[in-house]
Amino acid sequence: MRKFCDTVRELRQAQNLSLRETASMSGISPAYLSRIERGKEPPPSPAVIKSIAKVLAADPDVLFRLSESTDPEISHYLVNNPCAVRLLRLISDQNFTDQEIDKILHFAEKLKKN
C-alpha cells in the first residue's frame with residue numbers, strides 16, 4: 001500500500017508545484033510539509049489534509065485513507081445517522097466487492113435524483 005508521505009509528494013510534483021508554493025497555499029510551513037513528505041511527521045490534522053487535497057486537486061478521501069484517519073464530517077454524519085452505520089456494517093459483513101459497491105452508489109445517485 002502506498003504511503004501518505006509519498007502520495008503527497010507525487011501529487012505535488014505532478015502539479016509542478018514547489019514545496020514552498022504548496023505549503024503556502026495549504027496554510028502550513030514549508031518545513032512542516034517537507035517533514036510530512038519525508039515521513040518524519042505523522043499525517044496532519046483533518047483540516048490540513050483537506051487543504052492539501054484541495055491545493056493538489058486530489059480526492060481528500062484517498063488522503064484520509066492513506067493517513068488512516070476519517071474525515072470528521074463523515075464521522076459526524078455516521079454518529080447522527082444510525083441507518084448509514086447499518087448500511088456500512090452490511091457492506092462490511094457481506095464483503096461487498098468494489099463492483100457491488102459501485103452498483104449501490106449508482107442506485108443511490110439515481111434514487112436521489114427522483
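**Loops, helix packing and pockets in a predicted model**

Asn95 counts as exposed, at 59% relative accessibility (exposed means over 50% relative accessible area, buried under 20% and partly exposed in between, with a 1.4 Å probe and protein chains only). The structure is a predicted model, in which local features need pLDDT of at least 70 and side-chain atom pairs count only at pLDDT 80 or more, while totals for chains, interfaces and linings use all residues. Residues are numbered from 1 along each chain as its sequence is written, and side-chain values use heavy atoms, with hydrogens and water left out.

Asn95 is located in the loop between H7 and H8 (helices are DSSP runs of H or I with at least four residues, strands are runs of E with at least two, and both are numbered from the N terminus). The phi of Asn95 is positive, about 50°, although the residue is not a glycine. Most residues other than glycine have a negative phi. Ala57 is another non-glycine residue with a positive phi, near 55°. Ala57 lies in the loop between H4 and H5 and is exposed, with a relative accessible area of 63%. A positive phi, near 80°, is also found at Gly27, which follows H2.

Helix H2 spans residues 19–26, and its buried residues are Thr22, Ala23 and Ser26. Viewed down the axis of H2, these residues fall within an arc of 95°, so they line one face of the helix; the arc is that of the directions from the helix axis to the C-beta atoms. An α-helix has 3.6 residues a turn, so residues three or four places apart point the same way. Arg20 and Ser24, on the other side of H2, are exposed. The buried residues of H2 pack against H1, H3 and H4 (contact means heavy atoms within 4.5 Å).

The largest nonpolar core has 17 residues, of which Phe4, Val8, Ile28, Leu33, Ile52, Leu56 and Leu63 touch the most other members. Such a core is a set of buried Ala, Val, Leu, Ile, Met, Phe, Trp, Tyr and Cys residues joined through side-chain atoms within 4.5 Å. At least two residues of this core are supplied by each of helix H1 (4–14), helix H3 (30–37), helix H4 (46–55) and H5. The largest share, five residues, comes from H4. Not counting residues up to four places away in sequence, Ile52 touches Val8, Ser26, Ile28, Leu33, Pro44 and Leu63.

Pro44 is found in the loop between H3 and H4 and is buried, with a relative accessible area of 8%. Apart from neighbours within four places in sequence, Pro44 is in contact with Phe4, Tyr32, Ile36, Ile49 and Ile52. The C-alpha atoms of Pro44 and Ala84, 40 residues apart in sequence, are 27 Å apart in space. Thr7, in helix H1, is likewise buried, at 6% relative accessibility. With neighbours within four places set aside, the contacts of Thr7 are Arg2, Leu63 and Leu66. Glu68, in the loop between H5 and H6, is exposed, with a relative accessible area of 76%. The C-alpha atoms of Glu68 and Phe4 are separated by 9.0 Å, and the two residues are 64 apart along the chain.

Pockets were also identified. On a 1 Å grid over the protein atoms alone, a pocket is an open set of points with protein on both sides within 12 Å along at least five of seven lines, whereas a cavity is a set of points where a 1.4 Å probe fits but cannot get out; lining residues have an atom within 4 Å of a point. Grid points are joined across faces, edges and corners, and a volume is the space filled by probe spheres set on the points.

The largest pocket has a volume of about 680 Å³. Its lining comprises 15 residues, of which Leu87, Leu88, Ile91, Ile101 and Leu105 lie nearest the centre. Helix H6 (72–80), helix H7 (82–93) and helix H8 (98–113) are the elements that give two or more residues to this lining, and the largest share, six residues, comes from H7. By class, the lining of the largest pocket has twelve nonpolar, two polar and one charged residues (Ala, Val, Leu, Ile, Met, Phe, Trp, Tyr, Cys and Pro count as nonpolar, Asp, Glu, Lys and Arg as charged, and the others, Gly among them, as polar).

The second largest pocket holds about 210 Å³ of space and is lined by Asp61, Phe64, Arg65, Ser69, Thr70, Asp71 and Ile74. Helix H5 (residues 60–66) gives the largest share of this lining, three residues. The lining of the second largest pocket divides into two nonpolar, two polar and three charged residues.
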